[in-house]
Amino acid sequence: MTTRIPETGLDRDSVFAALERARDKDLAWRKGRAYAYVYDGGKEIEEVGKHAYMAFLTENGLDPTVFPSLLQFENDLAAMARAHLGGDESVVGNFTSGGTESIMLAVKAARDHFRATHPEGGGKPELVLPITAHAAFFKAAHYLDVVAVPVEVDPQTFRADPARMEAAITERTMMLVASASSYAHGVVDPVREIAGLAAARGLLCHVDGCIGGFLLPYFRRLGAKVPDFDFRVPGVTSMSMDFHKYALCPKGASIVLYRDKALRRHQIYACSSWTGYTMVNNTIQSSKSGGPMAAAWAVLQFVGDAGYLKIAKELLDTQRALVAGIRAIPGLRLLGDPEMTLVAFTSDELSVFQLCDAMKKRGWYIQPQLAYGASPANVHLSIQPGNVPWTDALLRDLRACVEELRGRPQPDVAPMAQALVAQIEGDPSGQALSAIVAMTRGQGDGPTPDEMADTNHLLDALPRPLQERLLVEYVNEMFVPSTR
Ligand SMILES: *Cc1c(COP(=O)(O)O)cnc(C)c1O
């Protein structure tokens, strides 16, 4: 089965058994020892999400006049998000498939707002953003023909630097970006200053609350120091917030919010110049399952404010214990002072990539992040409710791995990196690049996910544009139709 549509259909049991077998090698997140990818609110929340998802799986969000249930859920979610993020009654929003789509739409709205207010042209609009802003903004700029203007951040705090952002503003700037919080370091940018800069010049300002927007208001209520970051800050014109992260909803759930309808208008696309049905889409998707939206609605109703506050308390306690524990391990160095449940640390004495591999062998999944700008290569933890019971065990193993790895020689990748650069740059046809990728993939399945340190060291040593080309080639080789 698999390479052809089976001649006759299989029975349900064999289909489901095959599905289960297929996940053998998947990330074993259920144990709670993965600090990435999955936000596990536990069995009860999972079941509520699944039930609601399945109940609305087949309903189509294409046309809210035909499925008013979905319109209701979407407007309810917008109302809850708006209240959560300090928006007044003029704030509007739309449910999207994820942070990337929310950001893509906010950038599209900004671009079309720029075009509408610059009828004389004015060149390509520019998006000024700290290098810690999520890659989705760079992707949005790439897709939408907007110029991304990345700005270096404070090298100690990893927060956006308003003075540097101000210096990057030109007459073509359309929007400034701030994160609350950033993914990589879990710190909240100085939103008040950045939004102030934007407002003073009549520019837009997007605050990316994809990962922090839902949790940070709870942290503030729990007494944590959380700087102002939402619609209460004058000058913030749009925000994104993911339900499928810390609101613990099934994936495919985020929201983009605008200060008012006048700005949101630029997000919406209508087309009646074709022979089919009149199309008007508020988001990128057109036909879309009602499942994610119904699930998000149901999970928020089920957990409730008190439920989220309780989960937030556990997460905040865990974050504090982990931060303190990491600071106490000689050889590790925390990056910045995270407000969120996202923690990054590095080491001046050992390879953080080897550390990830060593932890993997002990049953942990922690995420390596390559060096960029002021941020050195580091290890990132996204703390989620499933991790709460594991803090002491994680710290024990981290300490043990650090002892094990300290002083171990790190691979000298510079000669190989230089050779690669020379080979690839000497061959504009791109054949050398494909050959290199095919070769690495040809060795078995390439490096096993358990031993990624050498690959990460090599990647880290390459110039960024080359790194990106290699990654594209790699994925281009990865997605090839099955032959088994
Ligand atoms: C996760 C994340 C995004 C992108 O969201 P996806 O849901 O993965 O598309 C954007 N910004 C931040 C800060 C994030 O953490």
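How many disulfides does the structure hold? The structure holds 0 disulfides, a disulfide being a pair of cysteine sulfur atoms within 2.5 Å.

## Basis of the model

This is a predicted model, in which local features need pLDDT of at least 70 and side-chain atom pairs count only at pLDDT 80 or more, while totals for chains, interfaces and linings use all residues. Residues are numbered from 1 along each chain as its sequence is written, and side-chain values use heavy atoms, with hydrogens and water left out.

Cys 205 is in no disulfide, and the nearest cysteine sulfur, that of Cys 210, is 14 Å away. Cys 205 is buried, with a relative accessible area of 0% (buried means under 20% relative accessible area, exposed over 50%, partly exposed in between, with a 1.4 Å probe and protein chains only).

Cys 401 is likewise in no disulfide; for this residue the nearest cysteine sulfur belongs to Cys 356, 10 Å away. Cys 401 is also buried, with a relative accessible area of 0%.

## The seven-stranded sheet

An open sheet of 7 strands has the order S1-S7-S6-S5-S4-S2-S3, with mixed pairing. Strands and helices are DSSP runs numbered from the N terminus (E, at least two residues, for strands; H or I, at least four, for helices), and two strands pair if DSSP finds at least two bridges between them. Strand S1 (92-96) and strand S3 (147-151) stand at the edges with a single partner strand each, so one side of each is left without a neighbour in the sheet. From one strand to the next, the twist averages 20°.

Helix H3 (residues 68-84) lies across S1, strand S6 (238-242) and strand S7 (254-258), and runs at about 65° to S7. Axes here are lines fitted to C-alpha atoms, for helices over the stretch in contact, and angles run from 0 to 180 degrees between N-to-C directions.

## Strand S4 and its partners

Strand S4 (residues 173-179) pairs with strand S5 (residues 204-208) in the parallel sense over 5 bridges. Strand S2 (residues 126-130) and S4 also pair in the parallel sense, over 3 bridges. Met 175 has Leu 204 as its bridge partner in S5, and Met 175 is itself the bridge partner in S4 of Leu 127. Of the 7 residues of S4, 7 are buried, so the strand is largely enclosed by the rest of the structure.

## Nonpolar cores

A nonpolar core is a set of buried Ala, Val, Leu, Ile, Met, Phe, Trp, Tyr and Cys residues joined through side-chain atoms within 4.5 Å. The largest has 94 residues, of which Phe 219, Phe 229, Phe 243 and Leu 355 touch the most other members. Helix H10 (residues 291-327) gives the most to this core, with 14 residues. Apart from this core lies another, of 26 residues, including Met 104, Leu 144, Cys 210 and Tyr 258.

Not counting residues up to four places away in sequence, Phe 219 touches Ala 224, Val 226, Ala 312, Leu 315, Leu 316, Glu 339, Met 340 and Thr 341 (contact means heavy atoms within 4.5 Å).

## Pro 368

Pro 368 is found in strand S12 (residues 367-369) and is partly exposed, with a relative accessible area of 27%. Leaving aside neighbours within four places in sequence, Pro 368 is in contact with Phe 353, Cys 356, Asn 378 and Asn 456.
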